Amino acid sequence: MLRQIIHIDEEKCNGCGLCAKACHEGAIDIVDGKAKLMREHFCDGLGDCLPGCPTGAITFEKREAPAYDEAAVKAAQSAKKAASATMMPPMGMGCPGSRAMQLKKSEVTESQADNQPMTSARSVSRLNQWPCQIKLLPTQAPFYDGAKLLIAADCTAYAYANVHEDFMKGKITLIGCPKLDEGDYSEKLTEIISNNDIKSVTILRMEVPCCGGLQRAAETALKNSGKFLPWQVVTISRDGRILE
């Protein structure tokens, strides 16, 4: 049938993956570093993927294409949710390395670090809980009670040398990469913020476009939680500077 559908210009595409994240129907995949419309019958032609494209690689076109199959989309979404639930073991079960726990720091160690020259303090870990990957974290845990959340792109810890002292100290740290992890973080982050006594949220991202997915997920979670919390976004450059 002749209908409106998206077109992806592969020459303009930089493979950031934001369109795939924005496509709720799952019509787009990243293949060999380029976005591709893999399932034409999943594309509803509404263009949720257009605004997120930083290079303008996505446009509308009218051409012969299979009809939009809503039933197939819903079945695929249900299957994906079921698979995600299977991959998330309950607390205390599954891989021992993913068991949630609060990390108790030695008061002597922390006070020494706070009073020593900055070069010494930087060697002290400020991670206050385990795990720290968004995909592995439970949605409810004692360490969330009264917590200040740091939602950070994992690359920030490598680009910004003093991330422990300047950002992680005194916070519960949640890290992830929207380009490498499958699925959308917003639903889980919404549950964490909604179901716990969260005091504030800091979003720490890189300047690269794909990090926009993490920021959008956190902002969506804040909005959907129905809570009014103080929050901020801090952007780190590739060479390790905080951008204004």
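**Entry 1: the whole chain.** I began with contacts (heavy atoms within 4.5 Å). Of those in the protein chain between residues at least 6 apart in sequence, 74% join residues at least 24 apart. I note that this is a predicted model, in which local features need pLDDT of at least 70, side-chain atom pairs count only at pLDDT 80 or more, and totals for chains, interfaces and linings use all residues. Residues are numbered from 1 along each chain as its sequence is written, and side-chain values use heavy atoms, with hydrogens and water left out.

I then looked up the make-up of the chain and found eight helices and eleven strands. Both are DSSP runs numbered from the N terminus: helices are H or I with at least four residues, strands E with at least two. Of the 244 residues, 41% are buried; buried means under 20% relative accessible area, exposed over 50%, and partly exposed in between (1.4 Å probe, protein chains only). The accessible surface is about 13,500 Å², with 54% belonging to carbon and sulfur atoms. Such areas come from the Shrake-Rupley method with a 1.4 Å probe, and for residues only the protein chains shown count as cover.

Entry 2: In what order do the strands of the five-stranded open sheet run? I read 8-7-9-10-11, with mixed pairing. Strand 8 (172-176) and strand 11 (242-243) are the edges; each has a single partner strand, so one side of each lacks a neighbour in the sheet. Two strands pair if DSSP finds at least two bridges between them.

Strand 7 (residues 147-153) runs parallel to strand 9 (residues 198-206), joined by six bridges. Along that pairing, Lys148 has Ser200 as its bridge partner, and Leu150 stands opposite Thr202. Strand 7 also pairs with strand 8 in the parallel sense, over five bridges, and there Ile151 faces Leu174. Six of the seven residues of strand 7 are buried, so the rest of the structure largely encloses this strand.

**Entry 3: helices on the sheet.** Helix 8 (residues 212-225) lies across strand 7, strand 9 and strand 10 (231-236), at about 165° to strand 9. Axes here are lines fitted to C-alpha atoms, for helices over the stretch in contact, and angles run from 0 to 180 degrees between N-to-C directions. Next I checked helix 7 (residues 186-195), whose buried residues are Ser186, Lys188, Leu189, Thr190, Ile192 and Ile193. They pack against strand 7, strand 8, strand 9 and helix 8.

**Entry 4: Thr139.** Is Thr139 buried or partly exposed? At 22% relative accessibility, Thr139 counts as partly exposed. I found Thr139 in the loop between strand 6 (129-130) and strand 7. Leaving aside residues up to four places away in sequence, Thr139 touches Tyr144, Lys188, Glu191, Ile192 and Asn196.
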